[in-house]
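Reader: Before we look at any particular feature, could you take me through this model step by step, giving the general idea first and the case at hand second?

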Amino acid sequence: MVVKEREQNSNKEKKLLVSLIWNFSTELKLISLTLLVLFTLATLFPFIPSSFSLSASDFRFCISRFSSASPVNTTTTTTKVSPEKNKTTAKLDRVLDNGVIKRTFTGYGSAAYNFVSMSAYRGGVNTFAVIGLSSKPLHVYGHPSYRCEWVPLDPAQDPVSTTGFKILTDWGYGRIYTTVVVNCTFPSTTPVGGNLIIHATTGDPDRNLTDSIPVLTEPPNSIDFTLYNSTKKKYDYLYCGSSLYGNLSPQRVREWIAYHVRFFGERSHFVLHDAGGIHEEVFEVLRPWIELGRVTLHDIREQERFDGYYHNQFMVVNDCLHRYRFAAKWMFFFDVDEFIYVPAKETISSVMESLEEYSQFTIEQMPMSSKICHSGDGPARTYRNWGFEKMAYRDVKKVPRRDRKYAVQPSNVFATGVHMSQNLQGKTYHKAESKIRYFHYHGSISQRREPCRHLFNDSRVVFENNPYVLDTTIRDVGLAVKTFEMRTIGNRLLRTRQ
């Protein structure tokens with residue numbers, strides 16, 4: 001009996017195995033065929049000519065074709081999209097009554113962001129400034145608008161909203177993106193502690209979408225309202241630099257920062273923005289001044305993703321304006337190949353005191369050549385001099401106008417530009433050339449070589465059909481600047497390269 005039972009169990013197991021093989025015969029045949037193909041290819045691969053290549057991606061493609069024949073259990077997450085919200089109706093061309101064929105253009109998708117937020121700052125007890133970028137065509141051909149909402153952190157207080165006032169600061173120079181400053185002024189005091197939300201509406205006739213963007217979170221008790229009315233500022237003078245990009249000369253940067261730290265004095269500060277120009281050698285020049293607290297460096301390289309005018313310099317200077325708006329009495333805007341100068345009998349303090357009644361004044365340019373140099377000290381010594389000591393020839397060609405730079409009392413300014421502000425309260429003064437000027441060594445900052453290719457020792461020179469005169473105004477303070485640098489940071493930068 002026991003033997004018979006064992007034989008019966010054995011027969012049942014065989015039948016079960018045969019049944020399983022029969023039920024999955026299709027899958028087994030497919031797997032066997034796949035393995036046969038792979039082994040065949042592996043066997044023949046060494047004998048294939050070198051002109052024929054088979055990559056790993058080809059194998060993956062082959063395997064995927066086989067695997068797609070058999071169903072695989074997968075879990076898919078589906079997001080429901082409202083067809084009405086994203087529906088784009090194609091417009092048809094038509095013939096007008098006068099016989100003209102009216103062509104149409106239908107947009108699909110999104111080519112640029114509605115709004116790119118960089119920063120937001122409180123500007124008073126009930127006002128904020130939001131700085132960012134937006135699609136240039138949207139603002140040229142559409143009607144975008146902004147609404148501001150303040151949501152207090154205290155749940156017992158109700159949110160408030162107001163219409164945002166947009167300021168386009170780039171004077172039409174924008175590219176794919178343009179700079180937008182949104183002023184949010186609420187009807188009453190907004191309590192400290194809350195979230196500022198911008199509701200940005202595209203105003204597009206085909207697709208009027210609104211994005212709600214949280215731009216600022218303000219912790220409780222983080223703001224002292226007396227800051228906005230105080231006459232005592234942390235700095236007398238603050239420099240806001242534009243985007244620095246390209247292969248900048250460490251030596252020229254060294255000369256510029258040493259000159260202006262001395263010029264503006266101890267109660268000054270310099271804010272620089274790295275858009276790719278602060279490479280390792282330039283950073284080593286700035287490091288001593290950063291360690292002394294005289295320079296702050298912002299890394300803004302990520303903005304390169306958004307194609308705006310000159311590395312989005314309009315957005316950068318507006319961020320600087322509002323970030324330090326109540327930290328400085330005066331704010332200066334000029335470039336790192338430009339040197340501010342006041343007459344020998346004046347100081348920067350006396351000049352600024354004489355201009356206190358103005359919210360803004362512009363500064364006249366003195367254009368200097370960055371190609372020809374003065375060799376009064378002899379060629380050997382000339383090459384060892386600093387750039388502003390040897391580049392001493394001023395362009396005197398008469399032109400209708402030259403670019404100016406400017407300074408503002410920032411608490412009176414709502415938005416700014418590169419050459420002046422058009423959004424401020426108070427007066428602007430344009431006749432300050434007898435009080436303050438700037439010397440412009442155009443292109444010298446981006447030369448990683450000795451700038452002197454042509455040496456002259458004359459008081460008047462014509463070079464490339466352009467007249468120049470010898471002007472030693474900045475050259476004459478060279479020794480004082482070098483001495484100041486040595487006393488302030490020591491000899492750390494003596495081996496700085498061009």
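Reader: Which residues form a nonpolar patch on the surface?

Author: A patch is made of residues with over 30% relative accessible area and no salt bridge, like charges being joined within 9 Å and nonpolar side chains (Val, Leu, Ile, Met, Phe, Trp, Tyr) within 5 Å; a salt bridge is a side-chain nitrogen of Lys or Arg within 4 Å of a carboxyl oxygen of Asp or Glu. Accessible areas come from the Shrake-Rupley method with a 1.4 Å probe, and for residues only the protein chains shown count as cover. Here Ile31, Leu35 and Phe39 make up such a patch, with about 320 Å² of accessible area together, and Ile31 is found in helix α2 (residues 25–44).

Reader: What should I keep in mind about the origin of these values?

Author: This is a predicted model, in which local features need pLDDT of at least 70 and side-chain atom pairs count only at pLDDT 80 or more, while totals for chains, interfaces and linings use all residues. Residues are numbered from 1 along each chain as its sequence is written, and side-chain values use heavy atoms, with hydrogens and water left out.

Reader: Is Thr179 buried or exposed?

Author: Buried means under 20% relative accessible area, exposed over 50%, and partly exposed in between (1.4 Å probe, protein chains only). Thr179 counts as buried because its relative accessibility is 3%, and this residue lies in strand β8 (residues 177–185); helices (H or I, at least four residues) and strands (E, at least two) are DSSP runs, numbered from the N terminus.

Reader: Which side chain makes a polar contact with the side chain of Asp170?

Author: A polar contact is a pair of N or O atoms within 3.5 Å, where within protein one must be able to donate a hydrogen and the other to accept it, and residues adjacent in sequence count only if both atoms are side-chain atoms. The partner of Asp170 is the side chain of Thr178, at 2.5 Å, and Asp170 itself lies in the loop between β7 (165–168) and β8.

Reader: How many disulfides does the structure hold?

Author: A disulfide is a pair of cysteine sulfur atoms within 2.5 Å, and the structure holds three. One of them joins Cys148 and Cys184, with sulfur atoms 2.0 Å apart. Cys148 lies in strand β5 (residues 145–152) and Cys184 in strand β8, so the pair ties together parts that are 36 residues apart in sequence. Another joins Cys240 to Cys320, S to S 1.9 Å, and is left-handed, with -80° about the S-S bond.
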